[in-house]
Amino acid sequence: MTQFSGSWRRRGALITAATAGVLAVGLSAAPAFAHTPTWDVTCSEVSLDLTAYGNSDKNTVTVTVDGKDLLPTESFKNEFHKKLTLPEHSDTLAVRLVVKAADGERYNVDDQKTAPVCPGSSPAPSESESTTPPPAESPSTEAPSEEAPTETAPATPTEEPTSSEEALPSSQPSPAGDNLAETGSSSATPMIAGAAAVVVVAGAGIMWAARKRRTVQN
């Protein structure tokens, strides 16, 4: 009876040890199957929550927006939590998440989401709208307005007399000492007339004397 009970004890101990070993293996392998890549995309930001990736520093995460890096490749251990601000946009954005696990490619993540346009942002014009030329302006049918003739101011008379004004006789007497010839009558006119009469008489007397002398000689 004692031998039978001892053998059962030994068997029980072996079973207990085997069970403990299986549990230990299962617990050690559990983190490899517990990777949790949680992420969310809104109109303005990207939220990353990566958990249970083990303590290896070979885990990496990358986030791109329309093919451009929003989060360049960054290494992390076990957990990674971060919020990334999206650039201002008037059209939807394609956001891509790439996670590479250190314990195997089967745990890698390559996922893509779309960031909508935030309320209040004006949408970008479509390509057809941007390339459509504006309508040509029709020629105006209105007759051109006639400009009112501008009034020409009368020319201001100059102080200098023209040549025609200088030729006209002046009705006013010249001031004393002026060398210009007088065009009107003056007090010297009778004297000039008397001198002319004397010259005429003298000439007539000379001619008469000459004729008389010729007669006497003949």
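1. Arg 96 has a relative accessible area of 36% and is therefore partly exposed, a class lying between buried, under 20%, and exposed, over 50%, with a 1.4 Å probe and protein chains only. The model is predicted, so local features need pLDDT of at least 70 and side-chain atom pairs pLDDT 80 or more, while totals for chains, interfaces and linings use all residues. Residues are numbered from 1 along each chain as its sequence is written, and side-chain values use heavy atoms, with hydrogens and water left out.

2. The structure holds two salt bridges, each a side-chain nitrogen of Lys or Arg within 4 Å of a carboxyl oxygen of Asp or Glu. In one of them, the side chains of Arg 96 and Asp 110 meet at 2.7 Å, N to O. Because Arg 96 lies in strand β6 (residues 93–100) and Asp 110 in strand β7 (residues 109–115), the pair ties together parts 14 residues apart in sequence; strands are DSSP runs (E, at least two residues), numbered from the N terminus. Asp 110 itself is exposed, at 53%.

3. Glu 74 and Lys 82 also form a salt bridge through their side chains (3.8 Å, N to O); Glu 74 is partly exposed at 29%, and Lys 82 is partly exposed at 34%.

4. Thr 62, in strand β3 (residues 59–65), counts as buried at 15% relative accessibility. Its side chain makes a polar contact with that of Thr 73 at 2.8 Å, that is, a pair of N or O atoms within 3.5 Å, where within protein one must be able to donate a hydrogen and the other to accept it, and residues adjacent in sequence count only if both atoms are side-chain atoms.

Notes. Helix = DSSP H or I, 4+ residues; strand = E, 2+ residues; numbered from the N terminus.
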